[in-house]
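Subject: The two-chain model, and what turned up in it

Hi,

Here is the structure I promised to pass on.

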Amino acid sequence: MRKITYRDALREALREEMKRDPTVFLLGEDIGKYWGGAFKVTEGLAEEFGEERVRDTPISENAIIGTAVGAAITGTCPVAEIMFGDLTALAMDQIANQAAKIRYMFGAQAKCPMVIRTPFGAGVNIASHHSQSLEAWFMHTPGLHVAVPSTPYDAKGLLKTAIRGNNPTVFCEHKLLYPIEGEVPEQEYTIPFGKADTKREGEDVTIVATLYMVHKALNAAKQLEKENAINAEIIDPRTLTPLDTQAIIKSVKKTGRLIIVTEDCKTAGVSAEIAAIAAEHAVDYLDAPIKRVAEPDTPIPFSPPLEQYVIPNEKTIIKALKEVLQTW
Amino acid sequence: MVTKVVMPKLSLTMKEGTVGKWYKQEGETVEKDEPIVEVISEKATYDLEAPATGILRKILIEEGVDAPVNAVLAVITAPDEPFSETEIITEAPPSFEEKEKRILASPAAKRLAKEHGVDLSLVKGSGPEGRVVEEDIKKFIEETSVLTPKVKEIIQLSGFRKISAERVSTSFKTAPHSTLMMTVDVSNATKLHEALQVSYTAIIVRATAKALRGHPIINSTMEGDRIKIYEDVNVGLAVATENGLVVPVIRNADKKPLKEIDTTIRELTEKARQGKLAKEDITGGTFTISNLGMYDVESFTPIINPPEAAILGIGKITEKPIIINGNVVAKPMMTLSLSYDHRIVDGAPAADFLRNIKQRIEQARELENES
């Protein structure tokens with residue numbers, strides 16, 4: 001199968017959906033013909049579909065999302081890009097109080113079918129205002145869907161589902177994933193929300209990981225298998241809302257051990273929710289305490305060594321694995 | 001340093017133990033970890049090791065004496081070290097609930113242990129701080145499985161068997177059973193059996209029914225704190241079938257001629273074997289007879305068919321040497337076993353009833369004339 005990057009997979013999804021449905025349009029800062037988006041996801045789309053459908057906006061996240069909400073409830077399907085996930089904070093009233101609640105407040109007589117694409121994640125040395133992982137904010141807001149694709153295949157399939165859906169979706173990308181290559185079929189496909197993917201089969205321990213951490217977990221699992229003959233199973237939820245709790249419970253029941261690897265900070269984070277689900281539904285199958293490998297509760301440091309120190313990596317994942325496997 | 005030797009807790013449920021042999025005497029030197037005394041619990045015998053090196057200064061609990069968990073059994077001190085015996089003795093042994101060590105076990109291990117009835121305190125944990133993990137339970141089950149007999153089949157009690165089990169255990173638990181045995185000469189009954197072509201069972205049913213007439217307290221049931229005495233004498237007969245025991249009832253057995261009783265028994269027994277007994281065939285019994293004579297049983301202790309007051313067991317008829325007027329005579333003899341509910345009737349009236357049956361069987365010829 002052909003291999004393309006995560007960035008190209010996202011662009012393909014946008015292009016295919018814009019071709020399929022004339023009401024789909026893009027808006028965001030520098031996404032048009034002059035720049036093609038800060039991470040080049042929308043490159044070439046303005047030329048292909050025109051500036052009416054690929055709209056450069058002023059530097060106002062609140063206005064971008066407000067515009068998208070208005071456009072969505074009046075019958076179009078906007079896909080807004082927020083250049084850095086951190087800046088969703090500027091549009092939080094529109095996201096959390098408007099987009100998330102419109103369908104509910106109007107008894108489903110109005111709906112808000114929109115997508116907010118935005119990159120999270122640290123590791124490129126751009127300090128604390130451009131490096132956070134804030135997926136949990138959106139998980140904590142009923143009315144929003146939250147997608148967290150980790151591969152080009154998932155990125156394309158989930159983005160198409162997000163665009164076709166009736167609910168506002170916060171589509172969380174990761175800066176370091178854009179250049180990653182992966183197999184993506186030529187033919188049309190979509191991926192349903194709420195369906196986790198087993199990225200690796202194993203019997204000894206379950207790792208639930210999201211976004212870029214899926215790749216670090218895969219590396220750690222490979223190393224562990226090679227050096228210690230331990231087989232880790234890696235579950236990628238792919239969407240946090242809705243969350244495929246059954247897949248997590250099933251895997252925990254199989255392995256009896258769970259570690260969760262996410263890049264957001266540990267307290268009240270994505271990993272906390274997943275740990276709670278395992279404790280609620282599979283406690284009798286746990287053979288060791290649940291471990292969370294997440295960022296410490298700190299702003300992301302600008303100093304490169306300190307930044308690398310706070311981000312979970314293969315070493316910290318292996319350390320946690322060994323702790324729950326208690327064989328060392 | 002004054003070190004106390006205390007009664008160990010050898011299992012989760014152990015509350016006290018017995019001191020066995022003291023391997024060391026007062027004044028002897030003991031090494032740490034050296035066995036000094038034998039401790040006997042309900043489950044195991046264990047050599048208790050010295051908790052410290054020193055002189056076994058004082059033995060407080062002698063051989064053969066029980067002591068609660070954590071009670072001080074002896075004191076180890078350095079040579080000539082002063083210590084107050086009274087202080088140690090008057091010190092109440094700490095309650096074992098307080099000292100009970102929490103067994104560290106993972107939830108998965110606990111679940112598996114529960115499923116297999118494994119006592120967690122017996123499993124050695126391999127996890128951090130000795131935590132018992134699932135693998136430890138699996139190993140434990142595997143290791144101990146060689147000690148338990150291999151199971152061929154498990155039968156889930158259901159339907160008839162379950163009801164039967166419940167009734168039998170209810171009877172055995174609630175009615176204090178006492179059983180009287182009496183040997184009966186069946187010479188006359190044998191003649192009757194041959195002359196009229198009736199079964200021995202029919203003869204005994206009739207004799208019993210007649211006897212019940214004269215001992216109404218036996219022809220009764222107990223319900224709560226009330227004894228219900230019946231006007232009707234309905235004798236149930238225990239019949240073994242493929243599916244278990246059934247008790248068809250011969251109604252008004254005291255009023256039926258012997259021949260009719262015999263016919264009724266044949267019909268009911270046949271129906272029972274074919275599983276064709278109707279509800280009216282098996283309800284309304286006031287007394288039960290169980291015959292195991294055909295299996296060569298001499299006597300036994302039958303369990304009362306609740307809520308009835310008594311049950312009569314019939315043994316095998318055997319020729320036995322009987323002494324009559326100083327002469328040994330061979331006579332066909334049979335033993336009757338009467339189990340009765342001691343709440344309803346005492347030993348003497350029960351014995352009187354049984355003797356009445358005996359007399360009626362022994363005078364069997366008269367049975368046919370009476371009615």
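Below are my notes on the chains, the cores, the cysteines and the charged pairs.

A word on conventions: this is a predicted model, where local features need pLDDT of at least 70 and side-chain atom pairs count only at pLDDT 80 or more, while totals for chains, interfaces and linings use all residues. Residues are numbered from 1 along each chain as its sequence is written, chains are lettered from A and ligands numbered from 1 in the order in which they are written, and side-chain values use heavy atoms, with hydrogens and water left out.

**The two chains**

Chain A has twelve helices and 14 strands, and chain B has eleven helices and 18 strands. Both kinds of element are DSSP runs numbered from the N terminus (helices are H or I with at least four residues, strands are E with at least two). In chain A, 57% of the 328 residues count as buried; for chain B the figure is 41% of 371 residues. Buried means under 20% relative accessible area, exposed means over 50%, and partly exposed is in between (1.4 Å probe, protein chains only).

Contacts here are heavy atoms within 4.5 Å. Taking contacts in chain A with a separation of 6 or more, 82% are between residues 24 or more positions apart. In chain B, 61% of the contacts between residues at least 6 apart in sequence join residues at least 24 apart.

**The cores**

Which residues touch the most other members of the largest nonpolar core? They are A:Ile65 and A:Met114, in a core of 84 residues. Domain 1 (3-183) and domain 2 (197-325) of chain A both contribute residues, so this core lies between them. The domain bounds come from an automatic or database domain assignment. By nonpolar core I mean a set of buried Ala, Val, Leu, Ile, Met, Phe, Trp, Tyr and Cys residues joined through side-chain atoms within 4.5 Å.

Not counting residues up to four places away in sequence, A:Ile65 touches A:Ala80, A:Ile82, A:Ala91, A:Gln94, A:Ile95, A:Met114 and A:Ile116. There is also a second, separate core of 40 residues, which includes B:Val198, B:Ala253, B:Leu268 and B:Val345.

**Cysteines**

How many disulfides does the structure hold? Zero, over all chains, with a disulfide taken as a pair of cysteine sulfur atoms within 2.5 Å. For A:Cys77, the nearest cysteine sulfur is that of A:Cys112, 9.8 Å away. A:Cys77 counts as buried at 6% relative accessibility, and A:Cys172 is buried at 0%.

**Salt bridges**

Over all chains there are 40 salt bridges, each being a side-chain nitrogen of Lys or Arg within 4 Å of a carboxyl oxygen of Asp or Glu.

- A:Glu16 pairs with A:Lys156, with the closest N and O atoms 2.7 Å apart. The pair links helix α1 (residues 6-20) to helix α7 (residues 152-164), 140 residues apart. A:Glu16 is partly exposed at 24%, whereas A:Lys156 is buried at 0%.
- A:Glu188 pairs with A:Arg164, the closest N and O atoms being 2.8 Å apart. A:Glu188 sits in the loop between β8 (181-183) and β9 (197-200) and A:Arg164 in helix α7, so the pair ties together parts 24 residues apart in sequence. A:Glu188 is partly exposed at 49%, and A:Arg164 is partly exposed at 37%.
- A:Glu233 pairs with A:Lys254, again with closest N and O atoms 2.7 Å apart. A:Glu233 is in strand β11 (residues 232-236) and A:Lys254 in helix α9 (residues 245-255), so parts 21 residues apart in sequence are tied together. A:Glu233 is buried at 5%, while A:Lys254 is partly exposed at 44%.

Salt bridges with shared partners also join a set of residues into one network, among them A:Glu16, A:Lys156, A:Arg164 and A:Glu188.

**A buried arginine**

Finally, look at A:Arg117 in strand β5 (residues 115-120) of chain A. A:Arg117 is buried, with a relative accessible area of 2%. Its side chain makes a polar contact with the side chain of A:Glu81 at 2.8 Å. A polar contact is a pair of N or O atoms within 3.5 Å; within protein, one must be able to donate a hydrogen and the other to accept it, and residues adjacent in sequence count only if both atoms are side-chain atoms. Leaving aside neighbours within four places in sequence, the contacts of A:Arg117 include A:Leu14, A:Val41, A:Leu159, A:Phe171 and A:Tyr178.

Cheers
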